[in-house]
Amino acid sequence: MALKIVKGSIDRMFDKNLQDLVRGIRNHKDDEAKYISQCIDEIKQELKQDNIAVKANAVIKLAYLQMVGYDISWAAFNIIEVMSSSKFTFKRIGYLAASQCFYEGTDVIMLTTNQIRKDLNSPNQYDTGVALTGLSCFVTPDLARDLANDIMTLMSHTKPYIRKKAVLIMYKVFLKYPESLRPAFPRLKEKLEDPDSGVQSAAVNVICELARRNPKNYLSLAPLFFKLMTSSTNNWVLIKIIKLFGALTPLEPRLGKKLIEPLTNLIHSTSAMSLLYECVNTVIAVLISLSSGMPNHSASIQLCVQKLRILIEDSDQNLKYLGLLAMSKILKTHPKSVQSHKDLILQCLDDKDESIRLRALDLLYGMVSKKNLMEIVKKLMIHVDKAEGTTYRDELLTKIIDICSQSNYQYITNFEWYISILVELTRLEGTRHGHLIAAQMLDVAIRVKAIRAFAVSQMAMLLDNAHLLAGNMQRNGICEVLYAAAWICGEFSEHLQEPNQTLEAMLKSKVTTLPGHIQAVYVQNAAKLYASILQQHEQAGDKKAAVEITQILIDKLPQFVQNADLEVQERASCILQLIKYIHKLQAKDIPVAEEVMALFTGELNPVAPKAQKKVPLPDGLDLDAWINDAPSESSSDDENTKKTIFHEEEQRSIRHRQPEMDEDELARRREVRKQEQANNPFYIKSSPSPQKNYQDASGVDHIPVVQIDLTVPLRVPDQYLKLEEERRQQQRQDREKKKKKQKRDKKGKRRHDSLHTESDEDIAPVHQVDIITEEMPENALPSDDDDGKDPNDPYKALDIDLDKPLTDNEKLPVRMHRISEKKSPEIEAAPVEEKSKKPSKKAKKEKKDKEKRKSKEKGGKKHRKSYENPENEFAAPEEIIAPTLKGEAENEKPTEGSDLDFWLSKAPVQSKSQTESLKNEEASVIEEISETKEEEEAKSSKHKKKKHKKEKSKEEKKSQKKKRHSADDAPESVQNGSIDDELLPPMSSYFLLAESSFVKMTYDIQGNLQDGSQVVVSVIFENQSSGYLKSMDFNVLDSLNTKLIRPEGSSKHDGISVPFQLPPDVSNEARFVFIVESIVMPQKLKGTLTFIVKTDDGSSHEKLDFKLHFTCTSYMITTPCYSDAFSKLLESGELKMSAIKVDRISISFQLLLAKICFHHHFSVVERINSCASMYSRSIQGHHMCLLVKMGDNSISVDGKCSDSTLLGNLLDELKQTLTESC
Amino acid sequence: MSTEPEAVQAVRNLWWCGLSGRMIKAILVFNNHGKPRLSRFYQHFSEDMQQQIIRETFQLVSRRDENVCNFLEGGSLIGGSDYKLIYRHYATLYFLFCVDSSESELGILDLIQVFVETLDKCFENVCELDLIFHMDKVHCILQEVVMGGMVLETNMNEIVSQVEAQTKLEKAEAGFSAAPARAVSAVKNINLPEIPRNIKVSNLSPFV
C-alpha cells in the first residue's frame, strides 16, 4: 500500500508542477504563447487522470495561467472536483482557483452548494475558513439563500477565526439575498460586543458598510457605536465607526452635537495620522449638518482648518493630498475659513505631484469671488502655458471654464475679459476640449446681449486666423471653436466691422478640410452673412457691389456642393441654387435683400437644458405604442424556399443589398439629424425682430484681405486686467463721492444672492449684463429633482427596517427533507386565537398586525362587552397587550439602541412632555415630504406606546371606550400623511357584508404583501340574537378568478367552519384567505353562512346569504414612496393615464386625502397646497400614482398606473367613495 | 497621443463605475515592467479585461515619480469619483489596492505595509522571485488579510500564525510521500538565477 503511494508520487514528481511551469514560461520568452498552449494540453491530460493530486497540480497551474491572462473557465468542473477533495492541501487549491475564476455566470456553480455546506460544517476550522474565503468571492443569490443559515450558525462558532470570517461574509450574503438581513441582524449586532477584537472589528466593518448605504435604518445603533468609540482602542475600528458617524449625522443633527466633543478630544490627543484625519473628516461632516449658525462651532472649524493646514504643509505628500481633500469638504459650507489659506493652495498648484495639483484645483473652484476671479484665472493661465502633459492641461482648461461659468457666471464682472480668455485658450494645441470652449462662446454670446459686438469682433478674428488654429484639422479638437465662431459671426452679423472679409474667410478653400458639421455651419452662416451684406449694399444703392458679392458666393459655394458630408452638400446646393436665383433677379434690377433677410429673421433664445424633459405628455398620446405594426420576422425564410435555384441568387442579392442600403442611409440620416439638433439647440421664435440697417457700404469689395498678426488678440487679457483695474479704481472713487453726497445708499439687488462678501458686491459689472434666462416649456411639470437615485442600486434592496421585530415568516431557509409549502388554512383562519395565547408574542403581534388591531378597536366596544365571558379566549387582547408593552418599555435600558430620542436628549424626560414634543416633532417631520414611511411608522408606534402608558394611568378615571378612540385615530391620521391638527372623524374600513336578526357580518379585504396572489378577508361576526351562535360555516362559490383557500382534502364546495362560537351580543373576527389570479377587475362572490342558533327554547338551523365584493382597492397595499422615485416612475412613461372629476365636494382637502389613504390604501408622496401626489402598489406590483387636485368645490384625480383596466376600476371606486363622502 | 482610444476609455468606465459592494475592489501586484505577480479581483472580469486593467493601472502608476503621494484618483483623472488607487512601490514591485471611499486612505497604505511585512516574514526576506514561484502561498497569505474585498485582519502576528498553522496542516497531510517530490524540486531549484533578495520593507512609518 505504502509502496503504491510512493510509486504514484514518484510518477508524479516528473509532472510539471507550478514552479516548473513558471520556470518554463521564463525560459521561453520568445515563444511564450506556444509554450503555454503546450502546457495547457498537458494540463488537460492531467485533468483526465483519476489521481486527485495530479488534478490539483493541474488546477494550481491553471490558476497561475489565469493570472497571466488565460481563460480557464473550461476547467470549472475539475476545479469543483479538486474543491471536494478531503485533503486540505487540495481543497485549498480548488477554492483558490474557484475564487479566481468563478462568478455568477458560471453554470456549474450550483453544483457546489452541498460541497460548500459540508466544508462549512467541517470539524477542521481551516476547511471552514477556506470555504468561507472562497465563497466570499463567488457567492450567488442561490448560494446565499441556501447557505445563509449555515453561515449564520458559524457566526457563533467557538473559534474567533471562523466567527470573524462568517461575520464578514454575511455582508456578501446580504447583498445577494436581502431577505436574510433582518433575521441575521440581531446576531450581527451581538458580534459588535464580541470578546475577540478581530470579530468585533469585522462586525463593525459590515455594519458600517451597510449603514453607509442606508444610514437611516441604523440610527438606532448610534448609542452602541458611541459606546464603542469611547471605549475601543483599535484604530481600525475607530476609523470605521467615525466614518459611520459621518454618514449618520446628516440624518440626526442632535447626534452631531453629541459627537463634537469626543471627536475634538480625539483630534487633540491622537498621534495616529489616519485617525486624526478621519476625525477631522467627521467633524467636518458634523459641522456641515449643523451649519445652521452655531456660533460656538466656529472654534471647531478653526481647529479643523488648522489641523488640515498642518497636514498640507507636511512634507509627506500623502498627508498633503488628504489635507487638501478634506479642505474641499469644508469649503462647501465654510468658504471663508478656507479662503484665508489661499496662499497655501496656490502654492500647491506648483507642486510636482499631479494628484496634489488636481486637488488644489478643486479647491480653487470654490474659492473664487468677484474680486479675485481675474487674478486666479491669470495664475491658472500661466500654469496652462507651463503644463507638460496634455491630461493636466486639459484638466486646467476645464477647471478655468468651470470656475468662470459656475452658477450662471456669477463671478464674472467683465465679459469682454472672459471672451478674450476663451480666445486665448483656443491657442492650446491638442486639447480635447474644443467643444467646451465653443459651447462657452456660444452661451455667452447668446445670453449676454451687451457683449455681442465684442464677441463678434473676436470671432471674426478667429475665423481669419483659422489656419493657425487648426494645424492638422481633423485630429485637432480645437477646431470646434470655429464652429462657434462661424455661428456667432453669422447670427450677429450686424455687429461685424468687416463683413466682406469675414465672408471671404468663411469661404476659403481650406475650410473644406474641417470636419463636416463645422463646414455645414460655415455654409449656413455664410448665407446669413451674405444676406446682411446684400441688404447693406442695396440700401446704399450700390448695385455693383451687391452683384459682386453674389458672384463671390456663386464662385465659392460649388466646392462645398461636392463635399463628402451630406449635411454640407445639402445645405451648399440649396443655398447655391438660391443665390443663383438671386443673381438672376439682380440682373433684372429687382431688389431682393428684404426677402433674403426674411430667411433668417427671428431671434434665437437659449433653451433650458431640462426643458425638453419637462414638456408634459399630452393626453392620450402613447409614446410606446407602435405607429405601424411591428414587422414580422419570419416572412423572408418562407419565401426563400419557394424560389428556384436560378432565381434565388438574384433575389437574394437584391434583397440583401436593399435593406443594407436603407439601414446605412437611415443611420446616416439619423446621425445627420442628430448632429443638426445638437448643433442648433435654439428654437426659432415666431415674432420677427427688427433688423438693424447699415448705411455704410462704400467700397466694400475693394478691401484687401489682410492677415492680422495673431499675437495681438492673444495678449488681450493683460490689457483687460489693467483696464479692469482702472475701471474699478474709477468706480471706487465714484462711490466715495456718492457716499459723501448720500450717506445711506441702498444697494440694488444683484443678479445673485449667494455667498459673496461685502467687498464683492461693490464691484459692479462693466456692462449692463442681462443674462437671458433659459426658456422652459409652458406648463412644465414642477418637479425639480431630476437627479434621483439610481433605481438599479443594488443597495436599495438592503434598505430594510431593522428595528421592527421579526415576524414568523422571516426565517432563513433551512434545509429540510421535505418542504411543506402549504400552510394549513386552519392556522391562517385563526391566527388571532393562536397569538393571544402567548403573551410573549404579544408585542410582535401588536406591531405586525397594526392594521388589524386598528380595525379591532373600531369594533372595540363590541369586544369589550365580551370581556366578562370566561369562555371566550379572545375576549381581552387589549388588556394583555397593554401590560406587556408597559413592561417592555420599563425593561428597556435608557441607553439601549431602541430609544434613540431618549439617548440623544440630555435632560430626563417626563413622559407627558415628551409625548407632547413628539407630537410636535411628528407634525414637522411629516411636513418634510422626503421623510420615510418607515420612520413615520417607527415614530407613530412609539407614539402609540406612550399613549398606551398614559392611558393606562388614567384608565380608572375615564371611560375606556372614548379614550381608545382618540388615542388610536390620531397616529393613524398621521401615518396617512395628513398635516393639520384637525381631528379626523373615526373611519372604518369595514363594510357591511350581510345582516339578519341573528348575525351581522362586516368585512374588510387586505392584500397579502408576501404573496402576490393572496388576499385576506377579515370578517367580523356579531351576534345580534339572544341565543348562542355555533357551528358557523362560511362558504363561497368560487369563481374562475377568485378562490377560497380551503383546508387540504376538502372539496371546493365545502365551507370553512368559523373557529369560534358567539355568545349573545358578542362579536369576533375570522380571517379567510383567497387566491386571486387577475386583480385588475373587481369581483363579486356569492356566499352563505350557515349556523346553529341555540336559545333556551332549543336550537335552529339558520343561514345567511351574502355577496363578497372584492374591490380593486382591496388589492392595493399602502406603500411609501419617495418623491424622487415617484417622479422617476412618472417619467418612465410606462404608465397609462386616466382621470376623473367629482363636483360638489365640501369636505376639507386634508380629510379627503385621509379618506383616500385610509379607504384606498394610498400614501401621500407630496402635498403642495391643495394638490397632492399619492402612491400605492397592488399586491401584484402595479404602480398606482394619483395626482389629486382640489378646485372650487370639485376634485380632480389624475391617475397613472401600469395597467389601465385596474386604473379605471380603481378610479371608479375612488369616485364612489368621494361622492359618498359629500 | 493625447486622445485615448475609445476602447480604453470604455474599459476604464466599466472598471470604475460598474462595480459595487466591494470596499476593496482589486489587489494587484506587478513589477517595474508591468508583469503581473498577483492579481485578485473582487468582481468578475474576463481575463482579457483583467489584463487590460493591469496594463492600464501600470501605466498610470509607473509614470509617477518616487516622491509623490501614493493616491491616484478615479476622480478627475479616471472617471469614477468614489474609487481610488492606493499603491506602494517596493524595490521592483508595485503593490496596488483599488478601494472605494469607505476605506481610510491612510489605513489602506498601512494595510499594504502589513501585507508586505507578512510576506517578508513568511518567506524570510521576500523578493520578487518568491512571488513568482509561490503564487499559491501569496494568495493564501492575502486571504488572511483581505476577504471578499473586506479587511479581515490587520494584526500581523495573527496573520502569520494562521498561515503557519495551515502550512503545518498541509505538511502533515503530505507526510512522507511528499519527500521525493521535495527532493526533485530542490534539484530543479539549483540553477535558479541569483537575484538580490529583500524588497526593503522597513523604513516606512505606519499611520495607524
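This is a predicted model: local features need pLDDT of at least 70, side-chain atom pairs count only at pLDDT 80 or more; totals for chains, interfaces and linings use all residues.
Good morning. I begin with A:Leu168, which counts as buried because its relative accessibility is 0%, below the 20% under which a residue is called buried.

A:Leu168 sits in helix 10 of chain A. Setting aside residues up to four places away in sequence, A:Leu168 touches A:Ala202, A:Asn205 and A:Val206, and also B:Met147, B:Met150, B:Val151 and B:Leu152. Its C-alpha atom is 9.8 Å from that of A:Leu188, a residue 20 places away along the chain.

A:Leu188 brings us to helix 11 of chain A, residues 181–190, where A:Leu181, A:Arg182, A:Pro183, A:Ala184, A:Phe185 and A:Leu188 are buried. Against which helices do the buried residues of helix 11 pack? They pack against helix 9 (141–154), helix 10 (160–176) and helix 12 (197–213), which belong to chain A.

Let me turn to the contact between the two chains. The size of an interface is often given as the accessible area lost when the parts come together. Here, chain B and chain A bury about 7300 Å² between them, and carbon and sulfur atoms account for 56% of that area. Three residues, B:Glu47, B:Phe133 and B:Met147, supply 9% of the area that chain B buries against chain A, more than any other three residues. B:Met147 is also one of the residues touched by A:Leu168. In terms of residues, 81 from chain A and 78 from chain B take part in the contact.

How many salt bridges are there between chain B and chain A? The count is five. A:Lys164 and B:Glu158 form a salt bridge across the two chains, with their closest N and O atoms 3.8 Å apart. Polar contacts between chain B and chain A involve 24 residue pairs, both residues being at pLDDT 80 or more. On the side of chain B that touches chain A, helix 7 (residues 156–174) of chain B gives the most, with seven residues. By class, that side of chain B has 31 nonpolar, 26 polar and 21 charged residues.

A few words on chain B itself. Chain B has 208 residues, of which 58% are buried, and it contains eight helices and seven strands. Of the contacts in chain B between residues at least 6 apart in sequence, 58% join residues at least 24 apart.

I now come to salt bridges in the structure as a whole. Side chains of opposite charge can pair when their charged atoms come close. Over all chains, the search finds 34 salt bridges.

One of them joins A:Lys320 and A:Asp351, whose closest N and O atoms are 3.6 Å apart. This pair links distant parts of the chain, 31 residues apart: A:Lys320 is in helix 18 (residues 317–333) of chain A, and A:Asp351 is in the loop between helix 20 (342–349) and helix 21 (354–367) of chain A. Both A:Lys320 and A:Asp351 are buried.

A second salt bridge, between A:Arg571 and A:Glu567, has its closest N and O atoms 2.7 Å apart. A:Arg571 and A:Glu567 both belong to helix 33 (residues 566–587) of chain A and are four residues apart, about one turn of the helix. An α-helix has 3.6 residues a turn, so residues three or four places apart point the same way. A:Arg571 and A:Glu567 are both buried.

In chain B, B:Glu128 forms a salt bridge with B:Arg37, at 2.9 Å between the closest N and O atoms. Because B:Glu128 lies in helix 5 (residues 128–133) of chain B and B:Arg37 in strand 2 (residues 36–41) of chain B, the pair ties together parts that are 91 residues apart in sequence. B:Glu128 is buried, at 14% relative accessible area, and B:Arg37 counts as buried at 10% relative accessibility.

There is also a network of salt bridges, which links A:Arg359, A:Asp362, A:Glu395 and A:Lys399.

Is A:Gln1083 buried or exposed? A:Gln1083 counts as buried, because its relative accessibility is 17%. Its side chain makes polar contacts with the side chains of A:Ser1039, at 3.1 Å, and A:Thr1042, at 3.2 Å. Beyond its neighbours within four places in sequence, the residues in contact with A:Gln1083 also include A:Asn1041, A:Leu1108 and A:Tyr1115.

Thank you for your attention.

Technical notes. Residues are numbered from 1 along each chain as its sequence is written. Chains are lettered from A and ligands numbered from 1 in the order in which they are written. Side-chain values use heavy atoms; hydrogens and water are left out. Contact means heavy atoms within 4.5 Å. Buried area is the accessible area (1.4 Å probe) that two parts lose on being put together, summed over both. A salt bridge is a side-chain nitrogen of Lys or Arg within 4 Å of a carboxyl oxygen of Asp or Glu. A polar contact is a pair of N or O atoms within 3.5 Å; within protein, one must be able to donate a hydrogen and the other to accept it, and residues adjacent in sequence count only if both atoms are side-chain atoms. Helices (H or I, at least four residues) and strands (E, at least two) are DSSP runs, numbered from the N terminus. Ala, Val, Leu, Ile, Met, Phe, Trp, Tyr, Cys and Pro count as nonpolar, Asp, Glu, Lys and Arg as charged, and the others, Gly among them, as polar. Buried means under 20% relative accessible area, exposed over 50%, partly exposed in between (1.4 Å probe, protein chains only).
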